Amino acid sequence: MQLFLHACCAPCLTAPYKHLSHEHHVTVFWYNPNIQPYREYLRRLRAFREYTSRINAEVIYDLSYPLEKWLHITSQLSMQNNVLRCRYCYADRLYKTALKAREMGYDAFTTTLLLAPYQKHEIIREIGQIISQKIGVPFYYIDMREWFDEAEDMARKAGIYRQGYCGCIYSEADRYWRENPEK
Ligand code: SF4
């Protein structure tokens, strides 16, 4: 199958790419406008470029970074509920992935967001399926969480930059402020 794989970062690409490319022709897609601040975005992007060139992966990039729009929408959603914010974030990335997959004639799309146990796995699955019906490209669902430890190990051994938070400034605050605020 010609599979279009959205990748959220280099560490999360490691084991999924290895396993999926055993059975499929995989093209990797970078589209992650949710990483803040911008220097962190560039750091992850650089790590991704370096790793994908090392493993000779075929990659397509969408480097759009609509910061104001992103913050406007996600700040409103965050005030209601963090889950809504993440739903929007998943849907935005998967929608763009599915559109690109259809435009380029891939058989199916999927995402490395299905790897990390701390992501909202069932929501990602549900959104992937909804978008698949809307766009008309199959969503290739696979529970990648069983590859998570292997991915961590591969990323460590490869010396890839491993970020400390999911991506948006809210997730950075959750990780570094809410868990350990200055008194
Ligand atoms: S926590 Fe992660 S998935 Fe949720 S909105 Fe922020 S970057 Fe997106």
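Entry 1: I am working with a predicted model. I began with the strand order. The sheet is open and has four strands, which run β3-β2-β1-β4 with parallel pairing. I then asked which strands stand at the edges. They are β3, residues 58-61, and β4, residues 108-111. Each has a single partner strand, so one side of each lacks a neighbour in the sheet. I also looked up the twist. From one strand to the next, the average is 30°.

**Entry 2: the β1/β2 pair.** Next I took β1 and β2. β1 covers residues 2-7, and β2 covers residues 25-30. I find six bridges between them, in the parallel sense.

Entry 3: I turned to α1, residues 10-23. α1 lies across β1, β2 and β4. Its direction runs at about 155° to β2. Then I checked α4, residues 82-104. α4 packs on the sheet and touches β1, β2, β3 and β4. The angle between the directions of α4 and β4 is about 150°.

**Entry 4: the ligand.** Where does the ligand sit? I find that it takes the space of the largest pocket. I listed the residues that surround the ligand: Asn34, Arg85, Cys86, Cys89, Tyr90, Arg93, Cys166, Gly167, Cys168 and Ser171. Which element gives the most to this shell? α4 does, with five residues. Five residues are nonpolar, three are polar and two are charged.

**Entry 5: loop backbone.** I finished with two loops. Between β2 and α2 (38-54), the loop holds Pro37. The peptide bond that joins Gln36 and Pro37 is cis, with omega about -10°. In the loop between α2 and β3, I stopped at Asn56. Asn56 is not a glycine, yet its phi is positive, at about 60°.

Conventions. Residues are numbered from 1 along each chain as its sequence is written. This is a predicted model: local features need pLDDT of at least 70, side-chain atom pairs count only at pLDDT 80 or more; totals for chains, interfaces and linings use all residues. Side-chain values use heavy atoms; hydrogens and water are left out. Two strands pair if DSSP finds at least two bridges between them. Axes are lines fitted to C-alpha atoms, for helices over the stretch in contact, and angles run from 0 to 180 degrees between N-to-C directions. Contact means heavy atoms within 4.5 Å. A residue is near a molecule or strand if one of its heavy atoms lies within 4 Å of it. On a 1 Å grid over the protein atoms alone, a cavity is a set of points where a 1.4 Å probe fits but cannot get out, and a pocket is an open set with protein on both sides within 12 Å along at least five of seven lines; lining residues have an atom within 4 Å of a point. A molecule sits in a cavity or pocket if more than half of its atoms lie within 2 Å of its grid points. Ala, Val, Leu, Ile, Met, Phe, Trp, Tyr, Cys and Pro count as nonpolar, Asp, Glu, Lys and Arg as charged, and the others, Gly among them, as polar.
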